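Dear colleague,

I am passing on a structure to you, and I would be glad if you would look through it alongside the notes on charged side chains that follow.

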Amino acid sequence: MASDVWIVTDAQHPVIAPPRVPVTELDAPARLEAWLSAQLPRDPAQAATIVRQRLQAGGIDLQQRFKKAYQGVIDAWHLGIGKLPAVVVDQHYVVYGNPNVAQAVAQIERYRGQHP
């Protein structure tokens, strides 16, 4: 398999990805925010206290999850990803719509072989 493979998708477009291939889910930030704001009271002061507690309890791990989620969205936007799922190779070649990553990478490799 190509060395620089990246998958961009969301929860509505599951993919079959080999281990250790990075997968960015564009809806990950929204899911994290929904978890953070779930079942908050109407009182803004109480809600703020609970959110702070959740953030503190999540610690560095939660911060890293937020960072990774938003960075993935930024990276996908930067590359101009327009449809999901997207299998990206070498930040240049993209196959849209194929949830089987191995098949998408093979398609890209065939194209690269025909267009050196």
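Arginine 112 forms a salt bridge (a side-chain nitrogen of Lys or Arg within 4 Å of a carboxyl oxygen of Asp or Glu) with glutamate 109, and the closest N and O atoms of this pair are 3.8 Å apart. Both residues lie in helix H3, three residues apart, which is about one turn of the helix; helices here are DSSP runs of H or I with at least four residues, strands are runs of E with at least two, and both are numbered from the N terminus. This is a predicted model, in which local features need pLDDT of at least 70 and side-chain atom pairs count only at pLDDT 80 or more, while totals for chains, interfaces and linings use all residues. Residues are numbered from 1 along each chain as its sequence is written, and side-chain values use heavy atoms, with hydrogens and water left out.

Arginine 112 also meets aspartate 90 in a salt bridge, at 2.7 Å from N to O. Because arginine 112 lies in helix H3 (residues 101-114) and aspartate 90 in the loop between strand S3 (86-89) and strand S4 (93-96), this pair ties together parts that are 22 residues apart in sequence. Arginine 112 is partly exposed, at 27% relative accessibility, where buried means under 20% relative accessible area, exposed over 50%, and partly exposed in between (1.4 Å probe, protein chains only).

Elsewhere, aspartate 27 forms a salt bridge with arginine 31, with the closest N and O atoms 2.6 Å apart, and Glu25, Asp27 and Arg31 are linked in a network of salt bridges. The count comes to four salt bridges by this rule.
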